[in-house]
Amino acid sequence: MSNARTILASALFGLLLWQGVVWATDLPRFILPGPGLVAQTLWESRALIAEHSLITIAEVLIGLALGAVLGGLSAIGLASSSIARQLVRPLLVFSQAIPVFALAPILTLWFGYGLGSKVAMALIIIYFPVTSSFFDALMRPNKDWVGLARVMGASPARIMWHIRIPAALPGLASGLRLAAVYAPIGAIIGEWVGASKGLGYLMLLANGRAKTDLMFAALIVLAIFTVLLHAGVGKAANRLLERR
Amino acid sequence: MTTAPSLFLHGRAEMSGATLFRDVALDVPGGGWTCLLGPSGIGKSTILKLFADLAEGVDFDGRIGATDGPLAGRVALMAQDDLLLPWLDVLGNVTLGARLRGDTPDPARALDVLDKVGLAGFEARRPSELSGGQRQRAALARTLMEDRPVVLLDEPFSALDARTRARMQELTAETLSGRTVLLVTHDPAEAARLGQKIIVMTETGLRDLPPPAGPVPRPVGDADTLRVQANLLEILRKDERCAPLTS
């Protein structure tokens, strides 16, 4: 409970700080709207914001699910085969040198203006953290556990399934927690480059029309969703770790 | 369980150029307890790992194995660390071997074995809920489930308190009787209690010493056992590497 109280106090402090800056600088509303105005806009445009939010949430959740599955499988594949490691790992590292944002236009070209390109963007942005944190954990098994399993007559595949994967799940969980924060970034970038729906699209639209209050409202909804997603993934991961 | 074979290791071992042990000739008689006693870092554990085929990076030059054929698949291992998997309950840990080989686990037999080691009713507990002694009992149950004729013990009692250690020594000696057991230890008292053959390993090589009279596990207060224990400690203390500590 004290945790919830701390969060509330912190949020209140942030709002006060914001309002303080608004009062101190006396900037026009279209440059920096105060929290009161943004709350009002949030309420008045709730239907519009909700409609766009659902699109973005769908993009993020699908991207996250695909990224978790693909990243998890890739990590297991890499950890199982030294040939795969030699062939694929340099490519993975090289791919990280490419700014993901630069890929957004081409993804829009390939997957269109709809859901597909944003899911792809979210997927690409989280694939590496998920893969690499799970892979690192898979490559650092307790040597004595593996030795015991070998003496018991286990094949490498069974050692992977019964020892290395369950032992590495905390690594996967920390990768997924990171992914929960990164995935919305991917979806928003995708929407900025080309979309007709979604919170990122709404922000661009509002910005272009000097409706800064609407932009802030959309931004806050996105931030709250990201925080909740992070907490939810954390909880789900903990449950997974207990039940493995 | 098939008949318990005799083991042998004749040779030397190196690791990236550094000598682990010089020429040794170790013979482990079948169906009994052999204690390999020595100070830390002398290469005792390397010998166990060589028998278990787990000595990665070790260059062994010589002959090793069982007198009646290949050793692979006939060895069980128990170490100082109980190596219980924290995400499995006790029953899951005890039946791990079957699942690792793709066999169907036999929970009825596992419960029997747990009863034998005094862990009846603990099958659904997680390792984190057990005491150090209970964890080592679970590890013993897992070893018994494997039902291998050769059991390699790498200081399995050294992390336990004195009372628990004495009880575990007795339980292990009872439950593993009839198998070829090679126990690596740095504790003269343990070697004197449990060894039907006692070998001291120091820098100068292996030394075979007459064990105390009587079947194992010998009582802790047995006069002959205490005499052998004192003698073993004396030999370890005279060892070159330990000499500065005694002067």
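Biologist: As what does Ala210(A) count, with 13 C-beta neighbours inside 10 Å?

Modeller: A residue is buried if 20 or more other C-beta atoms, placed from the backbone, lie within 10 Å of its own, exposed if 12 or fewer, and partly exposed in between. With 13 such neighbours inside 10 Å, Ala210(A) therefore counts as partly exposed.

Biologist: What kind of model is this?

Modeller: Residues are numbered from 1 along each chain as its sequence is written, while chains are lettered from A and ligands numbered from 1 in the order in which they are written. Local features need pLDDT of at least 70, side-chain atom pairs count only at pLDDT 80 or more, and totals for chains, interfaces and linings use all residues; the model is predicted.

Biologist: Near what value is phi of Ala210(A)?

Modeller: Ala210(A) is found in the loop between helix H9 (199–208) and helix H10 (212–243) of chain A; helices (H or I, at least four residues) and strands (E, at least two) are DSSP runs, numbered from the N terminus. Although Ala210(A) is a residue other than glycine, its phi is positive, near 60 degrees.

Biologist: Which loop holds Asp147(B)?

Modeller: Asp147(B) is not a glycine, yet has a positive phi of about 50 degrees. With 13 other C-beta atoms within 10 Å, Asp147(B) is partly exposed. The residue is found in the loop between helix H5 (132–146) and strand S6 (150–154) of chain B.

Biologist: What angle does the direction of helix H1 of chain B make with that of S4(B)?

Modeller: An open sheet of three strands in chain B has the order S2-S1-S4 and antiparallel pairing, with strands S2 (18–28) and S4 (58–66) at its edges. The twist averages 5 degrees from one strand to the next. Helix H1 (residues 44–52) of chain B packs on this sheet and touches S1, S2 and S4 of chain B, its direction making with that of S4(B) an angle of about 65 degrees.

Biologist: What is the bridge partner of Gly11(B) in S4(B)?

Modeller: Strand S1 (residues 7–15) of chain B pairs with S4(B) in the antiparallel sense over nine bridges. In S4(B), the partner of Gly11(B) is Gly62(B).

Biologist: Which helix gives the most to the side of chain A that touches chain B?

Modeller: In all, 14 residues of chain A are in contact with 17 residues of chain B, two residues being in contact if their C-beta atoms, placed from the backbone, lie within 7 Å. Helices H7 (143–151) and H8 (156–193) of chain A are the elements that give two or more residues to the side of chain A that touches chain B. The greatest contribution, seven residues, comes from H7(A).

Biologist: What distance separates the C-alpha atoms of Leu115(A) and Pro99(A)?

Modeller: Leu115(A) lies in helix H6 of chain A and, with 19 C-beta neighbours inside 10 Å, counts as partly exposed. Not counting residues up to four places away in sequence, Leu115(A) touches Ala58(A) and Glu59(A). Pro99(A) is 16 residues from Leu115(A) along the chain, and their C-alpha atoms are separated by 21 Å.

Biologist: Near what value is omega for the peptide bond from Val216(B) to Pro217(B)?

Modeller: Pro217(B) lies in the loop between S9 and helix H8 (223–238) of chain B. The bond from Val216(B) to Pro217(B) is cis, with omega near -5 degrees.

Conventions:
Two strands pair if DSSP finds at least two bridges between them. Axes are lines fitted to C-alpha atoms, for helices over the stretch in contact, and angles run from 0 to 180 degrees between N-to-C directions.
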